[in-house]
Amino acid sequence: MNPSAARYRWTQTALVALLCIPLAVLAYDFVREIRQPGVAFGPDPAETIVRYLGEWAIRILLATLAVSPLARLLRRPRLVRFRRTFGLAAFSYAVAHLAGYLVLLAGLDAATFLADFVERPYITVGLAALVLLVPLAVTSTRGWQRRLARNWRRLHRLVYAIGVLACIHLLWLSKGDYMDAALYGGVLALLLGERVARYTMSRRRRRGA
């Protein structure tokens, strides 16, 4: 194995381990909660766990969107190789967030879920974001990238809409405290703004040429 491939493998392993830390913290808090109820998750453990998983899904989704701008800023194009890992991690946390809601809050009751889906718009928006994440996760491999060719890029631009939906989900879910929603929304605006500015400059250069 050449040194470059070895570095990539070690970096990839370290990144996966880093992205698993929130789950390790959750498992540790779960053990603490069993030993002493209320010490880790507060008065509503179910809601705390579901919200925790959802917030990490949004954080990692924003990290996914930050990979390309960071690679351009640092002039390290190879950093883009790790974007897929971040994206799959965001999808995994989003699925865990939904599973937590279905098990802990809806009690695996279809009627409760359908009622929430209809009556609570933030659940509808959040589910829409997760549904849009599914084709991105499925087509994240190099094989699909070759099969879809130019359409692969077009499909994966859905991540921008997913980011907006995720922030709206958090905003509507917030009950009086909009600090987190404002913070994540601000980061998303910066990341999307960088792309818009870059696209605009690129078009002006082409017109000038």
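Me: Let contact mean heavy atoms within 4.5 Å. Leaving aside its neighbours within four places in sequence, which residues is histidine 97 in contact with?

Reply: First, a word on the model: it is predicted, so local features need pLDDT of at least 70 and side-chain atom pairs count only at pLDDT 80 or more, while totals for chains, interfaces and linings use all residues. Residues are numbered from 1 along each chain as its sequence is written, and side-chain values use heavy atoms, with hydrogens and water left out. With the sequence neighbours within four places set aside, histidine 97 is in contact with Val50, Leu53, Gly54 and His169.

Me: Where does histidine 97 lie, and is it buried or exposed?

Reply: Histidine 97 lies in helix α3, residues 83–105 (helices are DSSP runs of H or I, at least four residues, numbered from the N terminus). Its relative accessibility is 18%, and buried means under 20%, exposed over 50%, partly exposed in between, with a 1.4 Å probe and protein chains only. Because of that 18%, histidine 97 counts as buried.

Me: Which residues line the largest cavity?

Reply: A cavity is a set of points, on a 1 Å grid over the protein atoms alone, where a 1.4 Å probe fits but cannot get out; lining residues have an atom within 4 Å of a point. His97 and His169 are among the lining residues.

Me: What is phi of leucine 108?

Reply: You will find leucine 108 in the loop between α3 and α4 (110–119). Leucine 108 counts as exposed because its relative accessibility is 65%. Although leucine 108 is not a glycine, its phi is positive, at about 55°.

Me: Is alanine 149 buried or partly exposed?

Reply: Alanine 149 is in the loop that joins α6 (142–148) to α7 (150–156). Its phi is positive, near 55°, in a residue other than glycine. Relative accessibility is 49% here, so alanine 149 counts as partly exposed.

Terms used: On a 1 Å grid over the protein atoms alone, a cavity is a set of points where a 1.4 Å probe fits but cannot get out, and a pocket is an open set with protein on both sides within 12 Å along at least five of seven lines; lining residues have an atom within 4 Å of a point. Helices (H or I, at least four residues) and strands (E, at least two) are DSSP runs, numbered from the N terminus.
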